[in-house]
Amino acid sequence: MVKPVFLIAARRLLRVFSSQRETVPGAQDAAQQAVPFPGPFRQRTSALAHAVSDLPNQAVQPTLPNLLSGEDRRRETEAIRFPFDGICCSKRLFLKAAWTLRRQGIILISEVLRGDQLERFQGQINLLLDAITNHETSGLEDIAYLNLPDQRVLKGYNSFVDADRAVINHRIKRADGRSGSDAGMIDIFHPERLSDEIEELVATSLQEPIIRRLVMTSCLTPLHVKCRNLYINRGVQDTRSFHCDGRSLKYKSFLFLTEVNNLTDGPYCYVKRSHRDRSSWKESRRFNLENEIGLYEYSQLGGCDALPMFAKAGDMVISSQRGAHRGLPQQPDAERAVLVNMYQR
Ligand SMILES: [Fe+2]
């Protein structure tokens, strides 16, 4: 049930934000129909690892949430699913989606991207992967910073975000040997700067004008796009356990470019309502301090439910990054490509 006070405030915000314009060209507000992605774009082999973080010398281990499955997973997903054409055409549905994001911390918007646009994006990703493989001759080094396993040209997250070109960061194992490195993942910062065609596809996929308005309506705070990323995961197994991305107001939209319909595909997982649950956060923080675990790890989630987000290619997930989340480890031959947008104050 939507509270009248929220509706009034949200409508007031809508009037303010609807007058603002984004600068990314090619963005479309029109409803679009998605079809399944035609198939995997790459194959790779390596050994399968389990989701639990490997924390040496700990007398007490972190506790993990229960992963929802079967009918429970379907019901919890359906409760936060909204069709893209619906939120474009219906103010009531738009406000319901914003309210659900506010209360649950996560929503799924289905069919954001059309099948033909997905195919074009797949083609561009394949060309890009070829260019990375043949970087010495492909000319990629002239238009992007390449952080490859044997060639690091930039260091630190902030330098990637502030870079004046796209950054292609091939993640490697952490220097201290601890788990959660996402080793093997290709994380591309500012992919829209790689070419005009990718810039247009990124704008069409992210739908920034309406998605930004929806997120701002949800949190009643002006937000801006901080950074766009393209994640390419192929058999990535050493993924970080449940955590939050700091405690400040931050949202991400994840546009799936490949289908995720199995735990072995490495779905994004989220503990609903954890973004508003201060006691859960404090419990983890206390445990982390006592056990020398990173400040933002959600280490005490026993008794909670985590929702693995299965999605079709072309669907979008939006979540508050204050909440407990993670990407599950993938099976060796699994592939996942996701276009990510970060909204911050
Ligand atoms: Fe995160």
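**Reading a predicted chain**

Modeller: In the protein chain of this predicted model, residues 24 or more positions apart account for 80% of the contacts with a separation of 6 or more. The chain has 10 helices and 13 strands, and 40% of its 345 residues count as buried.

Biologist: What makes Asp-182 count as buried?

Modeller: The cut-off for a buried residue is 20 or more other C-beta atoms within 10 Å, and Asp-182 has 20 such neighbours, so it counts as buried. Asp-182 lies in the loop between β5 (166-170) and β6 (186-189), and its phi, near 60°, is positive although the residue is not a glycine.

Biologist: Why is Glu-111 called partly exposed?

Modeller: Partly exposed is the class between the exposed limit of 12 or fewer neighbours and the buried limit of 20 or more; Glu-111 has 19 C-beta neighbours inside 10 Å, and therefore counts as partly exposed. Its place is in the loop between β3 (106-110) and α5 (115-133).

Biologist: What makes the phi of Glu-111 worth a remark?

Modeller: Most residues other than glycine have a negative phi. Glu-111, which is not a glycine, has a positive phi of about 55°.

Notes:
Residues are numbered from 1 along each chain as its sequence is written. This is a predicted model: local features need pLDDT of at least 70, side-chain atom pairs count only at pLDDT 80 or more; totals for chains, interfaces and linings use all residues. Helices (H or I, at least four residues) and strands (E, at least two) are DSSP runs, numbered from the N terminus. Two residues are in contact if their C-beta atoms, placed from the backbone, lie within 7 Å.
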